[in-house]
Amino acid sequence: DVLSEIGVGFRFANWVGIKVALLFGRGDRRVGRWRSYSAAATVVSGFKRPLKTAEDLRGVRGLGAKMVQNIAEIIETGDLELKHALLAQLKPTKDLCGLKPMKDLCGVWGLGPMTAKKLIEMGITSIPELRRRAAEDRAKSLLTHQQAIGLRYYEELQQRMQRDEATAIVGVVSAAVQKLCPGAGCIAMGSYRRGKETCGDVDVLVVPPSGQEVCEWIMQPLLALLHDQNFLTDDLAGGPTEATQNFGHFKHRSRGTAPEESVNPLSKHVMSYMGVCQLSPTHSHRRIDIKVYPRSLSAFAMLYFTGSDYFNRSMRFHAIKMGRCLSDKGLYPVTRGSKGEILWRGNLCKGLYPVTSGSKGEILWRGKSIACMEEKDVFDALGLEYRAPHERSI
Ligand code: DCP
Ligand code: MG
Ligand code: MN
């Protein structure tokens with residue numbers, strides 16, 4: 001618990017650290033330290049045997065000698081003296097005074113620290129000020145289309161909704177899906193599936209009817225129908241006018257030596273949409289994410305889309321330790337490179353070879369995905385005990 005407390009501190013420190021680094025153009029070395037505590041907390045919380053003495057941790061991967069010493073201290077005294085020193089170090093940054101403009105501006109959907117920094121340099125330090133300047137800026141060069149939508153609904157999108165509103169929103173999407181493709185699955189993901197009382201947005205996964213492998217064709221007519229119903233009010237990404245093919249599929253670096261099979265041919269049947277919806281004119285605008293996946297990828301998609309993001313990171317970290325790579329589309333065996341490893345060597349020229357060297361952890365080869373029809377199969381393949389969605393909100 002003490003470790004995860006520091007782990008939670010890490011999440012905060014990491015957020016603040018990154019923003020500070022971007023704001024002042026330098027890295028915060030303390031962030032690295034928090035990262036190792038966070039990793040240790042993940043390892044310890046996933047520890048299946050009873051943890052009685054530090055001896056039980058001997059040989060566990062991901063825990064350094066110092067970390068084992070810290071854990072021994074926690075086991076013996078129930079506390080970690082270092083924790084107080086570390087948390088004390090955090091104090092100056094916990095006061096967000098200087099960071100308030102950064103925090104406020106980054107609250108606009110689609111607006112990241114880079115744009116925020118630019119805006120702050122232009123003297124824009126608050127949402128009202130940003131609204132004034134964006135309205136004056138006739139050329140609309142100040143914000144992207146997405147950021148402008150984020151700014152328009154800033155207050156509404158800051159609010160989390162109650163579960164029953166999310167239920168109603170999924171109901172609208174589900175009815176439209178059934179109309180277009182009877183028998184297709186339409187499942188609420190994200191915080192909703194994890195059983196949270198409130199949801200920041202609504203995440204919906206559409207999977208083909210049983211017996212069918214793909215149904216990505218549904219995305220365009222589904223969006224058109226939901227727009228006609230005045231349910232969708234704005235498109236943020238993957239909208240009907242864009243090619244809705246998923247943006248995130250595996251791009252292999254050309255200099256690598258991965259065989260053809262490293263590209264998952266099913267990923268071209270994945271569709272991803274982000275937008276804004278409204279149940280009725282008296283309801284608030286809400287963020288909605290809709291994804292369509294092939295049947296054989298649905299277990300990986302559900303696992304990813306259920307989250308939490310932190311849980312996903314832990315599971316992916318575990319997969320890496322096992323020489324695998326877990327994504328929303330598969331669980332692959334991989335070979336990773338080490339730092340400085342020579343990936344390509346050209347012809348001898350004036351006594352020297354031109355070379356391309358790799359970085360640590362870079363994927364050099366990726367095999368075919370292990371087939372998993374259910375989420376539990378993914379846990380099994382990774383040697384992990386199954387965790388139900390409501391146990392994934394770490
Ligand atoms: N996800 C992820 N990494 C990210 C973003 C998302 O792994 N950087 C995955 C895990 C999330 C899921 O997608 O649980 C849905 O993303 P959301 O941003 O909608 O997060 P949640 O639904 O978990 O929380 P919220 O209630 O704030 O929407
Ligand atoms: Mg969500
Ligand atoms: Mn979402």
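Visitor: What makes the residues of the shell around ligand 1 divide into nonpolar, polar and charged?
Guide: Ala, Val, Leu, Ile, Met, Phe, Trp, Tyr, Cys and Pro count as nonpolar, Asp, Glu, Lys and Arg as charged, and the others, Gly among them, as polar. On that basis the shell has three nonpolar, six polar and three charged residues. This is a predicted model, in which local features need pLDDT of at least 70 and side-chain atom pairs count only at pLDDT 80 or more, while totals for chains, interfaces and linings use all residues. Residues are numbered from 1 along each chain as its sequence is written, and chains are lettered from A and ligands numbered from 1 in the order in which they are written.

Visitor: How do you know which residues surround ligand 1?
Guide: A residue is near a molecule if its C-beta atom, placed from the backbone, lies within 6 Å of it. Those around ligand 1 include Asp201, Asp203, Tyr304, Phe305 and Asp309. Helices H11 (190-193), H13 and H14 each supply at least two residues of this shell; helices (H or I, at least four residues) and strands (E, at least two) are DSSP runs, numbered from the N terminus.

Visitor: What makes a set of residues a nonpolar core?
Guide: The set must consist of buried Ala, Val, Leu, Ile, Met, Phe, Trp, Tyr and Cys residues joined through C-beta atoms within 7 Å. The largest such core has 48 residues, of which Val204 and Leu205 touch the most other members. Helix H13 gives the most to this core, with seven residues. A second, separate core of 12 residues includes Leu105, Val108, Leu119 and Leu157.

Visitor: How do you know where pLDDT stays under 50?
Guide: pLDDT is the predictor's confidence in each residue, from 0 to 100. The protein averages 82, and 79% of the residues score at least 70. Residues 19-29 stay under 50, with 13 contacts beyond four places in sequence; a contact requires C-beta atoms, placed from the backbone, within 7 Å. Residues 92-97 are also below 50, with three contacts beyond near neighbours in sequence. Where pLDDT is low, the predicted coordinates should not be read in detail.

How values were computed: Contact = placed C-beta atoms within 7 Å. Buried ≥ 20, exposed ≤ 12 C-beta atoms within 10 Å, placed from the backbone.
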